[in-house]
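Student: I would like to learn how to read cavities and aromatic contacts in a protein model. Could you take me through an example?

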Amino acid sequence: MKEKYYITTAIAYTSSKPHIGNTYEAILADSMARFKRAQGYDVFFQTGTDEHGQKIEEKASLAGKTPKEYVDDVAGQIKAIWDLVGVSYDKFIRTTDADHEKQVQKIFDKLYKQGDIYKGSYEGWYCTPCESFWTESQLVDGKCPDCGREVKKAKEEAYFFKMSKYADRLLKYYEEHPEFILPVSRKNEMINNFLKPGLQDLCVSRSSFKWGIPVDFDSKHVVYVWLDALTNYITGIGYDADGNSTEQFNKLWPADIHVIGKDIIRFHTIYWPIFLMALGLPLPKRVYGHGWLLQDGGKMSKSKGNVIYADDMAKFFGKDAVRYYCLTAMPQDNDGLISWESIIDIVNSDLANVLGNLVSRTIAMSNKYFNGIVENKNANEPIDEELKSVAIGAYKKVCEKMDDCKVSDAIEEIFTVFRRANKYIDETMPWALAKDESKSDRLATVLYNLTESIVIGLSLLIPFMPDTANKALAQFNLSPRSFEEVSKFGLIKQIKVSENPEMLFKRLDGKVVMEEINKMIESRKEPEKKEIKTHEAVKKEQIEFDEFSKVELRVAKVIACEKVEKSKKLLKLTVDLGDEQRTVVSGIANAYTPEELIGKKLTMVTNLKPVKLCGIESQGMIICAEDKDGKISYLSPEKDIEQGSMIF
């Protein structure tokens, strides 16, 4: 009976189409799942989408859709991209799946009844993109410590989970299971930054929005995103909170590894283990927090049109080139960089030169000198031994790297075989051997050794570049070698290679490719929003008092101000309204410097729907006057009055 191996990715948030940094994780986990299958494990690989929360509710509203319509669309895009890059998942779970929602309600009820969840109220700073509450001391420069964005003051009734009840037990688990968190630096961060200072109780419900799983016994509340999202790892395989879990769950749990991004390591190594402890379930064996794939030369931005998507990469380079770049660009304990130029360089150097050219030359020489027949004539020389040693020693090295989640290093070991084979061609010079008929057996042996080495390397490469490796093996008219056989040299009896092999990767003209890419980028740039000139007095129709009374005017104090990089006219103001802080974008940069405005009290419309200007959400409007010459002046109270005061 095969040993089971349960692997998951973090479920992708359905706020928008995933860029290549999001897609990297799915490719990474897929390569690990494929490798384990090749080793003989009974693998179950789960991925999926996280579909609830305030951010989704707001985005759906802006798009003119219901939240379910919105997430259906984005989940479809995510699944399509995962399929495009060859993610071989066994289950794609969605947190809007009826069976998941039912179990989340049962889990919440179970934890409430056993006293781990209690009702209270929360007051703090809330980050909508991260869907996280923060205390004043946790903020970094007044902003969210996770994403660096603006936070809003919020207070609401909520249910809380007693995290501190399990903190000591979790710390002991860390000590007894040093392999639980990888890399080790992530574990130290969790201990020093969160566990040792003391865990605060965690907000696990929200009552200020509706798009979530309703709390079964309190319809005013929806289950907070992390209790909803994290439990997918057990609900997706048949967990039942009433004790009637499926055979599949009993077989697969605990998970062998959760593959996640470093930005959500805290949720997976503190909150999730504690939830499991409260449910009486074993903890996953390992949580691997990988780094980020960053845009080389700056952040990805839709307004700049420079966001890199996997489907665009596949269109220019092919899906296996996407997989290869992602898997090799990311070292285990650091972030990776990506740019269109670097992708072109890697395709030309590693894929076209090292791999493609090696396969092409070997097959071409077999056809030219022996009519495509490859067989061992046993005319070996000492120089052959190093090539054989590198080839048969590769599997053990690759396994060691994969066991430590060093996927980039594992692929490098495989390409060491290909590079050594290329060097072997230069050392043995088959073209020179072909000129001497007495060297015919030696020439045949050289080509045989090359073919054996390539077949071993390609068989190891399949989990990482499945289409390419299988295509190349087909040109040798061979099937992949099992992992039980990749450490053996000399298994080929006699084969006939393809007469007209297709190039695996062609060298790219970087200039030509970049011209096409730049055309695509230019076509996707968001047009700069034109600002409306108001210096000409325009009389408007009369309105009823009831209409005017809908406008909320308040006194706002400017506590921070800076120029907006993408515009000459816009300033980004952070204002204090007494009970909350907001960000406002105003077109007054020609009239005031940021320094002139800091500390000033202005008049502000506070109940306008938020809009995005140059990628920044503006949460109100500063009231200004403009004369016929275009001179602008903000309106402020005559006397000093407390910020937040209503204007009537």
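**Cavities and rings**

Tutor: Gladly! Let us start with the second largest cavity, which is lined by H52, G53, E131, R206, F209, W211, G212, V222, V223, Y224 and V225. Please keep in mind that this is a predicted model.

Student: Which residues line the largest cavity?

Tutor: Among them are Y24, L28, Y288, M330, C405 and K406. The elements α1 and α15 (407–428) each give two or more residues to that lining. By class, the lining has eight nonpolar, two polar and one charged residues.

Student: Now the rings. How should I describe a pair?

Tutor: A pair of aromatic rings is described by the distance of the centres and the angle of the planes. This structure holds 29 aromatic pairs. In one of them, the centres of F35 and F483 are 5.1 Å apart with planes at 55 degrees, so the pair is tilted. F35 belongs to helix α1 and F483 to the loop between α18 and β18, 448 residues apart.

Student: Is F35 buried or exposed?

Tutor: F35 is buried, at 1% relative accessibility. F483 is buried too, at 7%.

Student: Which residue lies over the face of Y309?

Tutor: That is K17, at 4.3 Å from the ring centre. Likewise, K262 lies over the face of W292, at 4.6 Å from the ring centre.

Key
Residues numbered from 1 in each chain as written. Predicted model: local features only at pLDDT ≥ 70, side-chain atom pairs only at ≥ 80, totals over all residues. Heavy atoms only, no water. Phe/Tyr/Trp six-rings, centres within 6.5 Å; stacked < 30°, edge-to-face > 60°. Helix = DSSP H or I, 4+ residues; strand = E, 2+ residues; numbered from the N terminus. Buried < 20%, exposed > 50% of the residue type's maximum accessible area, 1.4 Å probe, protein only. Lys NZ or Arg CZ within 6 Å of the ring centre and 35° of its normal. 1 Å grid on protein atoms, 1.4 Å probe; cavity = no way out; pocket = protein on both sides within 12 Å on 5 of 7 lines; lining within 4 Å. Nonpolar A, V, L, I, M, F, W, Y, C, P; charged D, E, K, R; others polar.
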